[in-house]
Structure formats: structure tokens, C-alpha cells
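Look at the sequence and the model first, then read on.

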Amino acid sequence: MGLIVNKLSDSITFKELLEQVGVDNYDLQRDLPIHVGGPVEKARGFVLHGDDYEHDGTMEVENGIGLTASVDILRDVALGSGPRNCLLALGYSGWGAGQLEQEIQQNGWLTAEADEALIFGAGTDEDRWRTAIQKLGIDPSMLSSTAGQA
């Protein structure tokens, strides 16, 4: 499974999400943009965050990044006691056994090492894409939106 981290949702706000999952009686201390994590189980939420937060259901992803998918983390973020850095996504992307590896071998994906600076410090979603592609040594201004045959 994977999460799209550079596409914002325009269909729901953090406050609306909190109401939908039954988090109430709070004074919203922090708002979060909500990302579209992928086309699978769009109502399921995932929070990528730094290693300054841990919950029973937290899974370590890599390089100081954790993933928590509980209502508790949403409540903690709303109250201002959650992780310092976090990214909230609804839904996820999924592949069958060996499918993603095959797509990578066929150059269907460019992959870059994830780290806190890329996930949480890149600014806008467009900046996040630019930062990831520059980590690979690619100058985005040299890319073309048209294809041809050589």
C-alpha cells in the first residue's frame, strides 16, 4: 500500500472529518489540510507523522516517519497534543503481489527516499513533487509534457 502525499482534497475539512468520526467536545487548536491518499477505501484515514508521536497502532515507516490510523491521533492533533509534523490522508493506493515491483521495473514510477524534510518541510504539494524529483537529480524544467518517438 502507499499514500499519495501531494494531492489535497477539496471535499472535506478537518473539522468536518472530526465531526464524522465522533470527535467532539474539543477546542480546535490545530487545523490540518486533508490529502487524497488514493482511490482505495476513501473513508479510511492515515496520518504520516514524525517520531515525536507514538500510539499503540503506530507503525514505523522509515527514517523517523510513523503512520497512525486511529481516531486518537485526530483528537490529539485537534487538541494540539499530537505530532509536531503530520500529513493526513484519506484513502490509499494498493497493488497486488508483485504488481508495484513490475511497474517500477517498467519505469512506471520514479522512486525517491522519503524523509521528514520531503514529507513535512517541502511547503506546498507542488513543492513536494519538485523536491522529490530534484532528489533524483532531475531538473523539472527540462521535462516535456509531450512525447515523441526517437
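Helices (H or I, at least four residues) and strands (E, at least two) are DSSP runs, numbered from the N terminus. Two strands pair if DSSP finds at least two bridges between them.

The model is predicted, with local features needing pLDDT of at least 70 and side-chain atom pairs pLDDT 80 or more, while totals for chains, interfaces and linings use all residues. Residues are numbered from 1 along each chain as its sequence is written, and side-chain values use heavy atoms, leaving out hydrogens and water.

**The sheet**

An open sheet is formed by 5 strands in the order S1-S5-S2-S4-S3, with mixed pairing. S1 (34-36) and S3 (59-62) are at the edges with a single partner strand each, so one side of each has no neighbour in the sheet. From one strand to the next the twist averages 35°; axes are lines fitted to C-alpha atoms, for helices over the stretch in contact, and angles run from 0 to 180 degrees between N-to-C directions.

| Strands | Direction | Bridges | A bridge pair |
|---|---|---|---|
| S2 and S5 | antiparallel | 6 bridges | histidine 49 and cysteine 86 |
| S3 and S4 | antiparallel | 3 bridges | glutamate 60 and glycine 66 |

The hairpin of S3 and S4 has 2 residues between the strands, and asparagine 63 takes a positive phi near 50° there. Helix H2 (residues 71-79) lies across S2, S4 (65-68) and S5, at about 55° to S2. Contact here means heavy atoms within 4.5 Å.

**A ring pair across the sheet strands**

Rings of Phe, Tyr and Trp (its six-membered ring) pair if their centres lie within 6.5 Å; planes under 30 degrees apart are stacked, over 60 edge-to-face, and the rest tilted. There are 2 aromatic pairs in the structure. In one of them, phenylalanine 46 and tyrosine 92 have ring centres 5.8 Å apart and planes at 85°, so the pair is edge-to-face. Phenylalanine 46 is in S2 and tyrosine 92 in S5, 46 residues apart in the chain.

**The largest pocket**

The largest pocket has a volume of about 1,200 Å³. Of its 28 lining residues, the closest to the centre are Gly2, Leu3, Val5, Ala112 and Ala114. On a 1 Å grid over the protein atoms alone, a pocket is an open set of points where a 1.4 Å probe fits, with protein on both sides within 12 Å along at least five of seven lines, and lining residues have an atom within 4 Å of a point. H5 gives the largest share of the lining, 4 residues.

How values were computed
Grid points are joined across faces, edges and corners, and a volume is the space filled by probe spheres set on the points.
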